[in-house]
Amino acid sequence: MSKGPVADACLLDPAHRDAIIPGNNGVFQPTIAHGGRVVGTWRRTIGKSRVTIKVTPLAALDQPGTERALARYAEFLGLPSRVDWAR
């Protein structure tokens with residue numbers, strides 16, 4: 001018996017599985033984790049003068065903490081960032 005779904009449930013609400021692994025093809029979307037659980041996804045668009053990061057929350061998350069982490073990512077890229085929050 002596979003332990004995959006059981007292990008997944010420890011990290012991810014089963015209701016959000018399709019948002020993380022669309023098409024169930026094994027290709028994961030970039031995720032935001034907090035407290036050992038997946039709480040959102042993110043997608044970046046790199047432009048000439050900045051990186052825009054769209055965050056899609058799947059559960060309650062620490063918005064200021066998430067924005068600080070994404071600012072560190074943008075700093076790594078050497079670009080200022082803009083964070084857009086999906087509703």
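## Overall layout

Read from one end of the sequence to the other, the chain runs through the pattern α-α-β-β-β-α-β. That gives three helices and four strands. Please keep in mind that this is a predicted model.

Of the 87 residues in the chain, 25% are buried. The accessible surface comes to about 6,000 Å², and carbon and sulfur atoms account for 56% of it.

In soluble globular proteins, nonpolar side chains tend to be buried together. Here the largest nonpolar core has ten residues: Ile32, Val39, Trp42, Val51, Ile53, Val55, Leu70, Ala74, Leu79 and Trp85. At least two residues of this core come from each of β2 (37-46), β3 (51-57) and α3 (63-77). Strand β3 supplies the largest share, three residues.

Another core, of five residues, lies apart from this one, and Leu12, Ile21, Val38 and Leu58 are among its members.

Beyond its neighbours within four places in sequence, Trp42 is in contact with Pro30, Thr31, Ile32, Ile53, Lys54, Val55 and Tyr73.

## Helix α3

How well does the span of α3 agree with its 15 residues? At 1.5 Å a residue the helix should span 21 Å, and its end C-alpha atoms are 21 Å apart, so the two values agree.

The buried residues of α3 are Gly65, Thr66, Leu70 and Ala74. An α-helix has 3.6 residues a turn, so residues three or four places apart point the same way. The cover over the buried residues of α3 includes β1 (31-34), β3 and β4 (81-85).

Both ends of the helix have a local detail to look at. At the start of α3, a side-chain oxygen of Asp62 comes to within 3.1 Å of the backbone nitrogen of Gly65. Just after α3, Gly78 adopts a positive phi of about 80 degrees.

Setting aside its neighbours within four places in sequence, Thr41 is in contact with Ala19, Ile20, Gln29, Pro30, Thr31, Ile32, Lys54, Val55, Thr56 and Leu58.

Ala19 sits in helix α2 (residues 17-20). With a relative accessible area of 34%, Ala19 is partly exposed. Leaving out its neighbours within four places in sequence, Ala19 is in contact with Gln29, Thr41 and Leu58. For a distance to check in your viewer, Ala19 and Thr56 are 37 residues apart in sequence, and their C-alpha atoms are 9.5 Å apart in space.

## The salt bridge

Side chains of opposite charge can pair when their charged atoms come close. This structure holds one salt bridge. Arg82 forms a salt bridge with Asp84, and their closest N and O atoms are 2.8 Å apart.

How accessible are the partners? Arg82 counts as partly exposed at 35% relative accessibility, and Asp84 is partly exposed as well, with a relative accessible area of 28%.

Terms used
Residues numbered from 1 in each chain as written. Predicted model: local features only at pLDDT ≥ 70, side-chain atom pairs only at ≥ 80, totals over all residues. Heavy atoms only, no water. Core = buried A, V, L, I, M, F, W, Y, C linked by side-chain atoms within 4.5 Å. Buried < 20%, exposed > 50% of the residue type's maximum accessible area, 1.4 Å probe, protein only. Contact = heavy atoms within 4.5 Å. Expected span 1.5 Å × (residues − 1). Polar contact = N/O pair within 3.5 Å; in protein donor to acceptor, adjacent residues only side chain to side chain. Areas by Shrake-Rupley, 256 points an atom, 1.4 Å probe, with all protein chains shown as cover. Salt bridge = Lys/Arg side-chain N within 4 Å of Asp/Glu carboxyl O.
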